[in-house]
Structure formats: C-alpha cells, structure tokens
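Below is what I looked up, entry by entry.

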Amino acid sequence: QSQLAESGGGLVQPGGSLSLSCAASGFTLNYYAIGWFRQAPGKEREGIACISRSGISANIADSVKGRFIISRDNANKPVYLQMNSLEPEDTAVYYCAVDVGMTDYICSLRIGDYDYWGQGTQVSVSS
C-alpha cells in the first residue's frame with residue numbers, strides 16, 4: 001500500500017527551528033513534484049513551499065520566504081522542509097503532497113494540483 005508520511009513536528013519556542021520530513025512507502029518520491037502545505041485552526045489550507053521533480057526549481061510563499069527552505073536529494077530520500085525563525089503564526093498542521101502531473105522544472109503551490117496527501121504533522125510555536 002502506497003503512503004505518504006510527514007514527520008518532525010512538535011512544540012518549539014518562537015525563534016526556534018524545526019525540520020520536517022516527507023517520506024513515501026510503496027513508491028518513490030523521485031518522480032514527482034512535492035509540495036508542503038499548512039492549515040491553522042479556523043483557516044484554509046495554504047501552500048507554503050514546493051520543489052520540482054528534478055529539484056532545480058522551488059517556490060516559497062511570501063509568508064515564509066527567507067525563513068523556510070525546501071530541499072530534496074533524489075536518491076530515494078525524503079523531501080525536507082527546514083523551518084527557521086518560527087513565529088506563533090506558523091502554528092498549524094503541516095502536510096506534504098505529491099503532484100504527479102508536473103514536469104521536471106515546475107512546481108505549484110495550488111492545492112488542487114496535488115494528487116496524494118499525507119496525514120499531517122502538528123507544529124506548535126509557543127513560549
């Protein structure tokens with residue numbers, strides 16, 4: 001059975017860092033563009049970062065630009081989201097997702113472009 005799973009969430013103080021991982025079982029991430037999304041309580045899910053299938057291109061949402069970094073090593077390893085200078089407003093459930101339709105050099109932050117989703121990992125930023 002193919003599954004996508006996020007890990008690395010937790011509780012961190014403002015200004016701290018966390019690194020999230022997105023791993024697959026039953027298939028390889030190498031062939032797909034990957035996106036990271038988050039959903040805070042009472043808010044809509046938003047796209048925050050994506051990386052193309054080749055790893056050459058990435059998009060970062062303005063809300064996290066300069067603080068979050070998405071990366072991948074296409075040696076059948078997880079896709080990572082490094083989150084620095086975390087703020088209470090970053091508190092949310094974070095999801096990774098797979099886009100099977102994108103080419104090597106494009107990725108999207110649109111929720112509707114993604115086909116498979118993980119169950120999410122909670123990130124809480126609080127003192």
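I needed one term before starting: a salt bridge is a side-chain nitrogen of Lys or Arg within 4 Å of a carboxyl oxygen of Asp or Glu. I also noted that this is a predicted model.

**Entry 1, salt bridges.** I looked up the total, and the structure holds 8 salt bridges. Some of them join up: Arg38, Glu46, Arg67, Glu87 and Asp90 are linked in a network. I zoomed in on one pair there, Arg38 and Asp90, whose side chains meet at 2.8 Å, N to O. Arg38 sits in strand S4 (residues 33-39) and Asp90 in the loop between S8 and S9, so this pair ties together parts that are 52 residues apart in sequence. Are these two buried or exposed? Arg38 is buried at 6% relative accessible area, and Asp90 is buried too, at 1%.

I found Arg53 in the loop between strand S5 (46-51) and strand S6 (58-60). Arg53 forms a salt bridge with Asp104, the closest N and O atoms being 2.6 Å apart. That pair links distant parts of the chain, since Asp104 is in the loop between S9 and S10, 51 residues away from Arg53. Both count as partly exposed, Arg53 at 26% and Asp104 at 28%. I also checked Tyr32: its C-alpha atom is 4.8 Å from that of Arg53, though the two are 21 residues apart along the chain.

I then looked at Lys65 and Asp62, which meet in a salt bridge of 3.2 Å, N to O. Lys65 is exposed at 52%, and Asp62 is exposed at 66%.

Which side chain of opposite charge is nearest to Asp99? I got Arg110, 7.3 Å away, so with the 4 Å cut-off in mind I wrote down that Asp99 is buried yet has no salt bridge. Asp99 lies in strand S9, and its side chain reaches the backbone nitrogen of Gly101 at 2.9 Å.

**Entry 5, strand S7.** I followed the side chains along S7 (residues 68-72). S7 runs antiparallel to S8 (residues 79-83), with 5 bridges joining them. Ser71 has Tyr80 as its bridge partner in S8. The hairpin has 6 residues between the strands, and Asn76 takes a positive phi near 60° there.

Last, I noted a nonpolar patch of about 340 Å², made by Ile56, Tyr105 and Ile106. Ile106 is partly exposed at 44%.

Methods
Residues numbered from 1 in each chain as written. Predicted model: local features only at pLDDT ≥ 70, side-chain atom pairs only at ≥ 80, totals over all residues. Heavy atoms only, no water. Patch = residues over 30% accessible without salt bridge, like charges linked within 9 Å, V, L, I, M, F, W, Y side chains within 5 Å. Areas by Shrake-Rupley, 256 points an atom, 1.4 Å probe, with all protein chains shown as cover. Buried < 20%, exposed > 50% of the residue type's maximum accessible area, 1.4 Å probe, protein only. Pairing = 2+ DSSP bridges. Helix = DSSP H or I, 4+ residues; strand = E, 2+ residues; numbered from the N terminus. Lys, Arg positive; Asp, Glu negative; His and termini not counted. Polar contact = N/O pair within 3.5 Å; in protein donor to acceptor, adjacent residues only side chain to side chain.
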